[in-house]
Amino acid sequence: MDRRKSAGLALLSFAMLIVSLDQYIVVVALPEIGRELGYSAQTLQAVISAYAIASSGFLLLGGRAADLLGRRRALMAGLILYAVASLAGGLATEPAWQLTARAVQGLGGALVFPSTLAIINTTFAEGRERNRALGIWGGSGAAGLVIGVLLGGALTRLFGWESVFFVNIPLAGLALCLAVPLLDAGPPRDTKRSFDLPGALTVTGAVTLLVFSLVQGPALGWTSPWILLAATAGVLLAIAFVRIERRSPDPLVPPYLFRNRALTAAMAIAFLFMATFGSLLYFLSIYFQDVRGYDPLQTGLAFLLPTAVVVAGSTYAGQAVTRFGLRRTLIVALAIGAAGAIALGVGMSTGDSYAALTPGLVAVSLGDGAVFTMMFIAAATGVSDRTQGVASGMVSTSSGIGAVVGLAALVLVANAHTSGLVGEELHIAAANGIRNTVFVIGGGILLTLLFALRLRKPAPVCTTACEAEPHG
């Protein structure tokens, strides 16, 4: 790998780290944010969900923009949105202002995430070179989810909740300054391809409304007029999107991509990954603070070990895929992760020390890091350069929806037996609920194995002739 490629990969990994860590950097700061800005217990979770809803809704649009307008341009636009929204979020004096800023951050992430992945997949040849590059990129992304909790705890303790927003400004600014000298501008815009605006608008609206209904359903009630209206409108827009795509001469999501078994399996794995591994971070943070009584800094420090293991697992995953094959390596990683989740649940019920959790934390973090990298290796397999952005958007949309659906469902499991309880009874019920949730997560990881078994030898990359096939 030459120096320019290595430097570009380092920048892309850094940009991925910025987006990834921000998904959870505010988790530890939520209690302080709620107190100072006047959130209610029912609305505080919206600080997380506002980002998730916007990000999930615009990922396909972001991937398409990367393919048509230029991947470096899309990356830089996303970083600018990220920096501006972070400043606004840190300066917020009321919930509405801050939630708007979080939504704009999600839009920025929807441009950055697929752009970084598409640039890597078009810069590095499929196989050993790309596997190694995705291992490094994946290590940054998987570590960012954990580092977000670690950094959020330290910043909140030392500088207040505002710092979890302000820290993004210099990070995004540095990435912006390095983008032009380190990344190629890419091919000129393909004027023969359309943006498929009707398809882009309908799918963005469909995903946004469906994710909104899933996120807010538990808080507002599943029979709330707002939830029913959002869910119905989302389904209607999804139907409209399918019909538009069938008739479009240049559809937003080319139908032949769904015949790529590696890509469709990766989408299912990404959904389940974020519903299980991704949600676990949230419950661990709550467990350390509400059950163990850790302060924000102690909670952050408790994630040091998982962070190191996640980085190691992600970085080594690319090399392991090259040596042992994607399917075999993925199955082993999922088995280790499931065993780790079960061991973690056992540790929560049999001991009061951090040491009792260590075996489970190590195993589940190893699986976490490895699977994160491998699902994106699978997603890029057999996909042509001109549709890497859309393919990246497809798998990242699946992961975003998985995060929302998984967290919404698992919160119900965790709180199933806490209604009406107070004091020590509530404390015990909360601890038991989180432990049961971790066991459910272990079962979800085992379910992911079924989709890993679908992976076969890589299909050949689709040619121009394939892309030119008639749609109808």
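Let me start with Ile120. Ile120 is buried, at a relative accessible area of 0%. Buried here means under 20% relative accessible area, exposed means over 50%, and partly exposed is in between, with a 1.4 Å probe and protein chains only. Ile120 sits in helix H5. Helices are DSSP runs of H or I with at least four residues, numbered from the N terminus.

Some ground rules. This is a predicted model, where local features need pLDDT of at least 70 and side-chain atom pairs count only at pLDDT 80 or more, while totals for chains, interfaces and linings use all residues. Residues are numbered from 1 along each chain as its sequence is written, and side-chain values use heavy atoms, with hydrogens and water left out.

Back to Ile120. What does Ile120 contact, leaving aside neighbours within four places in sequence? The answer is Leu9, Leu12, Ala133, Leu134 and Trp137. Contact means heavy atoms within 4.5 Å. Now a separation for Ile120: Leu257 is 137 residues away along the chain, and the two C-alpha atoms are separated by 19 Å.

Next, Leu150. Leu150 is in helix H6. Leu150 is buried, with a relative accessible area of 18%. Its contacts are Gly300, Leu301, Phe303 and Leu304, not counting residues up to four places away in sequence. Pro296 is 146 residues from Leu150 in sequence, yet their C-alpha atoms are 8.7 Å apart.

Then Leu330, in helix H14, residues 326-350. Leu330 counts as buried, at 1% relative accessibility. Leu330 touches Ile269, Val371, Met374, Ala452 and Leu455, again not counting residues up to four places away in sequence. Between Leu330 and Thr373 there are 43 residues of sequence separation and 9.7 Å in space, C-alpha to C-alpha.

On to charges. How many salt bridges does a search of the whole structure find? Three. A salt bridge is a side-chain nitrogen of Lys or Arg within 4 Å of a carboxyl oxygen of Asp or Glu.

Take Arg4 and Asp184. Their side chains meet in a salt bridge, 3.0 Å from N to O. This pair links distant parts of the chain, 180 residues apart: Arg4 in helix H1, residues 3-21, and Asp184 in the loop between helix H8 (168-182) and helix H9 (197-220). Arg4 is partly exposed, at 41% relative accessible area. Asp184 counts as exposed, at 58%.

Next, Lys5 and Glu129. They form a salt bridge, with the closest N and O atoms 3.4 Å apart. Lys5 lies in helix H1 and Glu129 in helix H6, residues 128-159, so this pair ties together parts 124 residues apart in sequence. Lys5 is partly exposed at 25%. Glu129 is partly exposed at 28%.

Then Glu126 and Arg130. Their side chains meet in a salt bridge at 3.6 Å, N to O. Buried or exposed, where does Arg130 fall? Arg130 counts as buried, at 6% relative accessibility. Glu126 is partly exposed, at 37%.

Now a charged residue without a partner. Glu245 lies in helix H10, residues 225-247. Glu245 is buried yet has no salt bridge. The nearest side chain of opposite charge is Arg64, 7.1 Å away. For charge, Lys and Arg count as positive and Asp and Glu as negative; His and the chain ends are not counted. What does Glu245 contact, leaving aside neighbours within four places in sequence? Asp196, Gly199, Pro251, Leu252 and Val253.

Last topic, rings. Rings of Phe, Tyr and Trp (its six-membered ring) pair if their centres lie within 6.5 Å; planes under 30 degrees apart count as stacked, over 60 as edge-to-face and the rest as tilted. By this rule the count is 13 aromatic pairs. One of them is Phe288 with Phe303: centres 5.7 Å apart, planes at 90 degrees, so the pair is edge-to-face. Phe288 is in helix H11 (residues 261-291), and Phe303 is in the loop between helix H12 (296-302) and helix H13 (304-324), 15 residues apart. Phe288 and Phe303 are both buried. Recall that Phe303 is also among the contacts of Leu150.

There is an aromatic cluster too. Phe113, Trp137, Phe273, Phe277, Phe372 and Phe376 make up one cluster.

Conventions: Helix = DSSP H or I, 4+ residues; strand = E, 2+ residues; numbered from the N terminus.
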